[in-house]
Amino acid sequence: MPETRRPVLDETDRRILDELTRDARQSVTALAATVHISRAHAYERIRRLHEQGVILRYTAVIDPARAGLEASAYVTLRLKQNTWATLEAKLREIPQVQHIALVGGTFDVMLLVRARGNAELRDVIFERIQPMPEVVDTQTFLIFEDVDVRG
């Protein structure tokens, strides 16, 4: 979401974000107690953070292997000039693509792709991503083990 002005966050906002990142299922009452503010103040801060686009959504963090996604890779793409917007829309349509990043460096885009197995991973990369007219080149880095540093 492109925004011209970045919201100003204070230490309380940052503590709320840290707590929600750690456990978004906790009650607002528990969060307020941890951050040392009133429950009403916590509700107001969370509402404002949503409205400002700081909090986008709440989601579950899953263990990919236990969820049946046994093959994962980072895939880098080099693009034809001025094709990012079109490519981004196409990549969003591929369920196995879990993260898309426009980056600077020797390639233009980095993807996190998770699949049920090597055959599905191969199909996504070779049959869906590589043939896209916006893509000049790809490079695939298989993930052997994931480590979630947030616990």
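Reply: One term before we start: contact here means heavy atoms within 4.5 Å. Keep in mind that this is a predicted model.

Let's begin with the layout. The sheet is open, with four strands in the order β2-β3-β1-β4, and the pairing is antiparallel. At the edges sit β2 (97-102) and β4 (135-143), each of which pairs on one side only. Ignoring direction, neighbouring strands are turned by 20 degrees against each other on average.

Now for β3, which covers residues 109-115 and runs antiparallel to β2, with five bridges joining the two. Valine 97 has valine 113 of β3 as its bridge partner, while leucine 102 is bridged to valine 109 in β3. The hairpin of β2 and β3 has six residues between the strands, and there glycine 105 takes a positive phi near 135 degrees.

Then there's β1, which is joined to β3 by seven bridges, again antiparallel. Here leucine 77 stands opposite valine 109 in β3. So valine 109 turns up in both pairings, facing leucine 77 and partnering leucine 102, under the DSSP definition of bridges used for pairing.

How is β3 placed in terms of burial? Six of its seven residues are buried, so β3 is largely enclosed by the rest of the structure; buried means under 20% relative accessible area.

Finally, the helix: α4 (residues 84-92) lies across β1 (71-79), β2, β3 and β4, and runs at about 165 degrees to β2.

Methods
Residues numbered from 1 in each chain as written. Predicted model: local features only at pLDDT ≥ 70, side-chain atom pairs only at ≥ 80, totals over all residues. Heavy atoms only, no water. Axes fitted to C-alpha atoms, helices over the stretch in contact; angles between N-to-C directions. Buried < 20%, exposed > 50% of the residue type's maximum accessible area, 1.4 Å probe, protein only.
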